[in-house]
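Here is a short report on one protein chain. Look at the model first, then follow the text through its helices and loops.

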Amino acid sequence: MTEHLEIPSASGAFDAIAAGPPDGRPVLLLHGFPQTAIAWETQVAALGDQGFRAVAPDTRGYSPGVRPLHADAYGVSELVGDVLAVADALAWDRLDLVGHDWGGAVAWWTAARHAERLRTLTAVSTPHPGALGEAHRTDDDQRRRSRYQQDWRGPDTEARFLADDAAFLRSLYGGNVSDRDVDEYVRRLSEPGALSAALNYYRADRPDAAVGKIRTPTLYVWGTEDVALGPTAARATENWVSGPYAFHALQGVGHWVPDEAGDALTGLIVDHLNGN
């Protein structure tokens, strides 16, 4: 069973789900767009059952208490700062960090800037930012896959996402996410300012987003049918990790790995934590 938390920070209060003993080894799980912490319910509960203290917050923009209006509040420093603020509020000196989609990007940035705070890193779907940037420059396939990111920076995006009972937003999950969860995501993103805040992850300019090689023990999990993140960056990510590294390509799995292959992902995460 998961419990609900409210985690205070200087930026406001983060809503979160959690499981496991308070003194268990701490694991922080970061969701992506367009989801909330409940994307990690299966993993949080399973980690808690195995004695870890697993916490998944609704991240910046998704938590009503931390919902800045302007895109410049979604820079690397702010997003990484939230990870540290949550860890500090929970009195965690070191933690295992897991991230999917935008949560994966934030996890990579955190490992680059604050390796001393992490025991391990698990990135799901999202390749190393350097590998992805290189693919954008050299791979036509990845450039095609990423065109939506520029499109979603436009001023009419919110209206398109939410028109006709959020038909376009609902379509993004491709039938791979439970109806219950999709309804909850739509409800949350229909709150005043919520979708604009979530889209600020795409609209923010990040001149400081470059990331070098990661020395933290890293697990990278990618679905071979991911429509947004292709094989070029996925397979090049190993070149950007200098510490212990494991890569698992899940055959036939798309972008929504925690939903489509929840048990397999949980097993990989647990093995990674126990091995490091």
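**Confidence**

Helix H6 (residues 147-151) has the lowest mean pLDDT among the elements of the chain, at 94. Strand S3 (residues 26-30) has the highest, at 99. This is a predicted model. The mean pLDDT of the chain is 97. Of its residues, 100% reach 70 or more.

**Helix pairs**

Two packed helices are described by the angle between their axes and the distance between the axes.

| Helix pair | Crossing angle | Axis distance |
|---|---|---|
| H1 (residues 41-49) and H12 (residues 262-274) | roughly 45° | within 10 Å |
| H7 and H9 | roughly 135° | within 10 Å |
| H2 and H3 | about 85° | 9 Å |

Start with H1 and H12. Their axes cross at roughly 45°, and the two helices are therefore oblique to each other. The crossing of H1 and H12 is right-handed. From H1, the contact uses Thr 42, Gln 43, Ala 46 and Leu 47. From H12, it uses Gly 262, Asp 263, Leu 265, Thr 266, Ile 269, Val 270 and Leu 273. Sorted by class, the residues of this contact are six nonpolar, four polar and one charged.

Now take H7 and H9. Their axes cross at roughly 135°. H7 and H9 are therefore oblique to each other. H7 passes H9 in a right-handed crossing. On the H7 side, Thr 157, Glu 158, Phe 161 and Leu 162 make the contact. They meet Leu 195, Ser 196, Leu 199 and Arg 203 of H9. This contact of H7 with H9 has four nonpolar, two polar and two charged residues.

H2 and H3 come next. They pack at an angle of about 85°, which makes H2 roughly perpendicular to H3. H2 brings Val 76, Ser 77, Leu 79, Val 80 and Val 83 to the contact. H3 brings Val 106, Trp 109, Thr 110 and Arg 113. The classes in the contact of H2 with H3 are six nonpolar, two polar and one charged.

Why is helix H9 (residues 194-203) largely enclosed by the rest of the structure? Nine of its 10 residues are buried, so the rest of the structure largely encloses H9. The buried residues are Ala 194, Leu 195, Ala 197, Ala 198, Leu 199, Asn 200, Tyr 201, Tyr 202 and Arg 203. What covers the buried residues of H9 includes helix H2 (76-89), helix H3 (102-113), H6, helix H7 (157-171) and helix H8 (179-189).

H1 has buried residues as well: Gln 43, Val 44, Ala 45, Leu 47 and Gly 48. Gln 43 and Leu 47 also take part in the contact with H12. The cover over the buried residues of H1 includes strand S2 (14-19), S3, strand S4 (53-57), helix H11 (257-260) and H12. After H1 comes Gly 51, which has a positive phi near 95°.

**Backbone details in the loops**

Go to the loop between S3 and H1, where Pro 34 lies. The peptide bond from Phe 33 to Pro 34 is cis, with omega near -10°.

Ala 91 lies in the loop between H2 and strand S5 (95-100). Its phi is near 60°, a positive value in a residue other than glycine. Is Ala 91 buried or exposed? Ala 91 is exposed, because its relative accessible area of 64% is over 50%.

Asp 101 sits in the loop between S5 and H3. Asp 101 is not a glycine, yet it has a positive phi of about 60°. Asp 101 is buried, because its relative accessible area of 10% is under 20%.

**Val 66**

Val 66 is found in the loop between S4 and H2. Val 66 is buried, with a relative accessible area of 1%. What does Val 66 contact, leaving aside its neighbours within four places in sequence? Val 66 is in contact with Ser 11, Gly 12, Ala 13, Phe 14, Arg 60 and Gly 61. Val 66 and His 136 are 70 residues apart in sequence. In space, C-alpha to C-alpha, Val 66 and His 136 are 31 Å apart.

Technical notes: Residues numbered from 1 in each chain as written. Predicted model: local features only at pLDDT ≥ 70, side-chain atom pairs only at ≥ 80, totals over all residues. Heavy atoms only, no water. pLDDT = per-residue confidence, 0-100. Helix = DSSP H or I, 4+ residues; strand = E, 2+ residues; numbered from the N terminus. Axes fitted to C-alpha atoms, helices over the stretch in contact; angles between N-to-C directions. Parallel < 35°, antiparallel > 145°, perpendicular 65-115°, else oblique. Left-handed = near helix turned anticlockwise from the far one by under 90°. Contact = heavy atoms within 4.5 Å. Nonpolar A, V, L, I, M, F, W, Y, C, P; charged D, E, K, R; others polar. Buried < 20%, exposed > 50% of the residue type's maximum accessible area, 1.4 Å probe, protein only.
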